[in-house]
Amino acid sequence: MRVIGAVTGLCVLLIGIFVAWSWATREPEGEIPSVEPSGWEYRWGDSPQDSAGLPAWLNDAALGWQPIAFPANPPERDGRDKVWFRLHLPDNQWHDPVLFISSIDLIAQVYLGDRLIYQHGDFDEGDGIAFAGWPWHMIALPRDFGGQTLCLRVFSDYTSIGLWGQVRLMERGEAYRQIIRRSAWDVAVSALALALAVFAAIFAASGVERRSFGAIALFAGASGLMLLAEAPARQLIAGNPLGWDLVRAFSYYMLPVATGLILAHWLQGRARRWMQRLWALHLAYVVLVMGLVQGNVINLSLTFPIFDGLLVATLPAMLALALWQWRTLDGTQRTVVMCFALFAPLLLADMLVAHGFIPWQPIPLSFGSLAFSLSCVAISLHRYHRVHRELARSHETLEQQVATRTEELAQLVEELEGLSYRDALTGLYNRRHFDAAYAQAGRRAVSRGECLTLAILDLDHFKRINDRFGHDAGDSVLVTLAGLLKAHQEVGESVCRLGGEEFALLSHASPTVLAARLERLLGRLLATPLKRGEWCLGHVTFSAGIASYPLHSASPDSLLRLADEALYCAKRGGRSTVAIHSDSAAPRLQKADARSSAGREGWDVSSDAQPSQEETGQDDRRAGRGRRRRRKGSRRLARDRERARGEMVL
Ligand SMILES: Nc1nc2c(ncn2[C@@H]2O[C@H](COP(=O)(O)OP(=O)(O)OP(=O)(O)O)[C@@H](O)[C@H]2O)c(=O)[nH]1
């Protein structure tokens, strides 16, 4: 929004300048042209006052006056700071006549006959005469001025003394038109440069290429202000000549600082250091001079020649340093240096005109300023665009990196999640997974009316293996059984290690089919003794308890307890056995024995712990676990008894 506002403001200003320019350049009908009066005379020194308190030279007819082509810098000054000029005015041809003077060095009074008609500055200040600025002067003349004598009393302690630029008799309207005509271009360029300065300052403040944009903002701002302060129209904007000259001096003195800053940024080594010294020298001059002027220690007018002397030395040096490293500069930097090479001579020419080394003529400083500012801005925008492109690219890379990292993290989380559901020893799913899978399978079985069968397996006399062959041997037995269970697992089944030497198998097979499979597995274990290295661990067996929904229970939640009870019966019945929970109304356990001796066929034990079907699954599971703990204790007792008898399956 700010940018749109600034652009709109700039457009309005340019349109205004164009309208003013059209008005100023139109040829007014019947207007009498301006005239540069001739016949000037000068006289060094100051006039004494007569009895009436008027300067006596106003009526001094002949003595001491010398002819001069233009009322400025009479010969043989010899350090004098006061001079008089006079002119016999031609006949009046204008309706509203004025005498237009581009500039006066420095203080002046203008008399027509014996009347003071104009004054610039003050002759009567106590301690020294103060500089009052270098405005243009539009001295109103009465219509009957023809044939009268015009006298100018002038004071100057500056390098020049007298009038400067144009001195013409003309119509007042024509004078204004000339002012606008001469100012329009400079004001337009100045507005453009100031707008560019604002943009560059905004870019610098936003942190992009802060130093380059800062230096460009300084240069564009300084050159824009300088052009405005030098444009004749400045006095139509604000009638404070001294204020304008302060602005002009400050902006003019800051130009080499800004230029040095821009160029130093691009140079290397010694050239860079020298460039830094040069701009620092100019900055020191600005600070010192502005301080002294504000403290009324020196007149602002005296700071111009000193600065100009400094500039004559430093400007070519800056240009030389930039050209010295021409080969190290890139294309855009060379363009700026070329614009600087155009601007520097214009500045020097302007200075030579100001000091009278070249006859008065307008120097198109604005062209140099415009070219330099525009090239700086074009290049900066180009760089800004490049920086943004790089930023966008790195942003994209960053996004890609974030996506890759996120993916890796997701994989890691998945792995960790997988690990948290896995038993570290056997690689089977653990109890945590079993709980979730059991609950889910239960829900599915209920909703689809499917069969869900749970088998719990427990290694027989596992403690003995640990005790006899060591814990590692016990581990390898667990891994072996896990491998066998996985190998026998069918599609849709889930095998988990519940903990210790206890495993669970969730299946949709019927209890008898599952029991038959487990018996076959048990048969394999019985057929082949387990080995570990050179050690023979003997025949390892397991006992298993099976319960099935809806065959044995009205709710899948009870399966764990029922299978656990069946397992208890299998253990109690001699181990190495697969026991199925009885599906009769009074729950009993059927035993399926892998060794299938006739005597063991149809082995049943009664269960006194059949729960009511209304019991919640959670309660069932908790109660089941408690009972299993108790039964494990009684199994341990039985084992101890076996140990006492000296029996061992291994
Ligand atoms: N090597 C090994 N042993 C384990 C592991 N987890 C539990 N155990 C052992 O397994 C044994 C289980 O012993 P018990 O509860 O008495 O069961 P058991 O000896 O198999 O007897 P029954 O189940 O009555 O046939 C204990 O000695 C535990 O230390 C394991 O991860 N690795």
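Helix α3 passes helix α5 in a left-handed crossing, a term used where the near helix is turned anticlockwise from the far one by less than a right angle, the clockwise case being right-handed. The structure is a predicted model, in which local features need pLDDT of at least 70 and side-chain atom pairs count only at pLDDT 80 or more, while totals for chains, interfaces and linings use all residues. Residues are numbered from 1 along each chain as its sequence is written, and side-chain values use heavy atoms, with hydrogens and water left out. Helices (H or I, at least four residues) and strands (E, at least two) are DSSP runs, numbered from the N terminus.

Two packed helices are described by the angle between their axes and the distance between the axes. For α3 (residues 210–230) and α5 (residues 241–266), the axes come within 7 Å and cross at roughly 150°; axes are lines fitted to C-alpha atoms, for helices over the stretch in contact, and angles run from 0 to 180 degrees between N-to-C directions. The two helices α3 and α5 are therefore roughly antiparallel to each other, given that angles over 145 degrees count as roughly antiparallel, under 35 as roughly parallel, 65 to 115 as roughly perpendicular and the rest as oblique. The residues of the contact of α3 with α5 divide into 18 nonpolar, 5 polar and 3 charged, where Ala, Val, Leu, Ile, Met, Phe, Trp, Tyr, Cys and Pro count as nonpolar, Asp, Glu, Lys and Arg as charged, and the others, Gly among them, as polar.

The contact (heavy atoms within 4.5 Å) includes Trp 274, Leu 278 and Tyr 285 of α6 and Ile 306, Phe 307 and Leu 310 of α7. By class, 19 nonpolar, 3 polar and 1 charged residues take part in the contact of α6 with α7.

An open sheet of 3 strands has the order β7-β4-β9, with antiparallel pairing; two strands pair if DSSP finds at least two bridges between them. Strands β7 (137–140) and β9 (162–171) stand at the edges, each with a single partner strand, so one side of each is left without a neighbour in the sheet. Neighbouring strands of this sheet are turned by 25° against each other on average, direction ignored. Helix α2 (residues 172–205) packs on the sheet and touches β4, β7 and β9, its direction making about 125° with that of β9. Between β4 (residues 97–105) and β7 there are 4 bridges, and Phe 100 has Met 138 in β7 as its bridge partner.

Strand β15 (residues 542–549) is mostly covered, as 8 of its 8 residues are buried, that is, under 20% relative accessible area, with exposed meaning over 50% and partly exposed in between (1.4 Å probe, protein chains only). It pairs with β10 (residues 452–459) in the antiparallel sense over 8 bridges, whereas 3 bridges join β15 to β16 (residues 578–581), these two running parallel. The peptide bond from Tyr 549 to Pro 550 is cis, with omega near 5°, and Pro 550 lies in the loop between β15 and α14 (559–572).
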